[in-house]
Amino acid sequence: MGMTVIADAGVTLVVSRHLLLFMDDQAGGIPAFEDSQLVGVGSGALSLLCAASDMGATVILERHDAAPSVRPGSEWNLASEGDLELPAGNVLVANLEGDLERLPKLGLSSGRWQFRVHVAGRDEAVDLEDQLIEEIGATFDSGIGYDDSAFVTGPEKWLVQLWP
């Protein structure tokens, strides 16, 4: 029948400069964005333009056996779709600070894959970022100081679906 999720995995990583990268470990650089796109597509990589920065965002990878259906009426909003060349089939999520989280192989191989990217929680992430900025300002004003090692997982989530 098709449209079955073969495997899935997810990671949460701190967003730096409003950007996360979903990429093959042999990717050819950081993809650029065009106009008002949320996803940049390049050689072995997708750039995900996040609404908020300096907080965790979750990236979920689903490997399908055929094109999955779009999820209308769900929390997910379609951000982009197309095809992506994976040089090695070993994918990871990285930020611009050099942090990365490898995803399990999930049956991916080198070659051309179709992708669909959905995103959820963007408005909520901006609201949380504004709230945190206010709290940090109040903490500095009080003379207490701020612990910037505190890791906040934000509500922004990205769903990357791949199929042959």
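Buried here means under 20% relative accessible area, with exposed over 50% and partly exposed in between (1.4 Å probe, protein chains only).

**View 1. The whole protein, a predicted model.** Buried residues make up 41% of the 164 residues. You'll find 1 helix and 10 strands (DSSP runs, H or I of at least four residues for helices, E of at least two for strands, numbered from the N terminus). Along the sequence they follow β-β-β-β-β-β-β-β-β-α-β. Local features need pLDDT of at least 70 and side-chain atom pairs 80 or more, while totals for chains, interfaces and linings use all residues. Residues are numbered from 1 along each chain, and side-chain values use heavy atoms, leaving out hydrogens and water.

**View 2. The largest nonpolar core.** A nonpolar core is a set of buried Ala, Val, Leu, Ile, Met, Phe, Trp, Tyr and Cys residues joined through side-chain atoms within 4.5 Å. Strands supplying at least two residues each include β2 (19-24) and β10 (153-163). A second, separate core of 6 residues includes L21, M23, A45 and L92.

**View 3. Around F22.** Contact means heavy atoms within 4.5 Å. Leaving aside residues up to four places away in sequence, F22 touches, among others, L46, L61, V93 and L162.

**View 4. An open sheet of 5 strands.** The order is β3-β4-β2-β7-β8, with antiparallel pairing (two strands pair if DSSP finds at least two bridges between them). β3 (39-42) and β8 (100-102) stand at the edges with a single partner strand each, so one side of each has no neighbour in the sheet. Between β7 and β8 there are 3 bridges, and L92 has R102 in β8 as its bridge partner.
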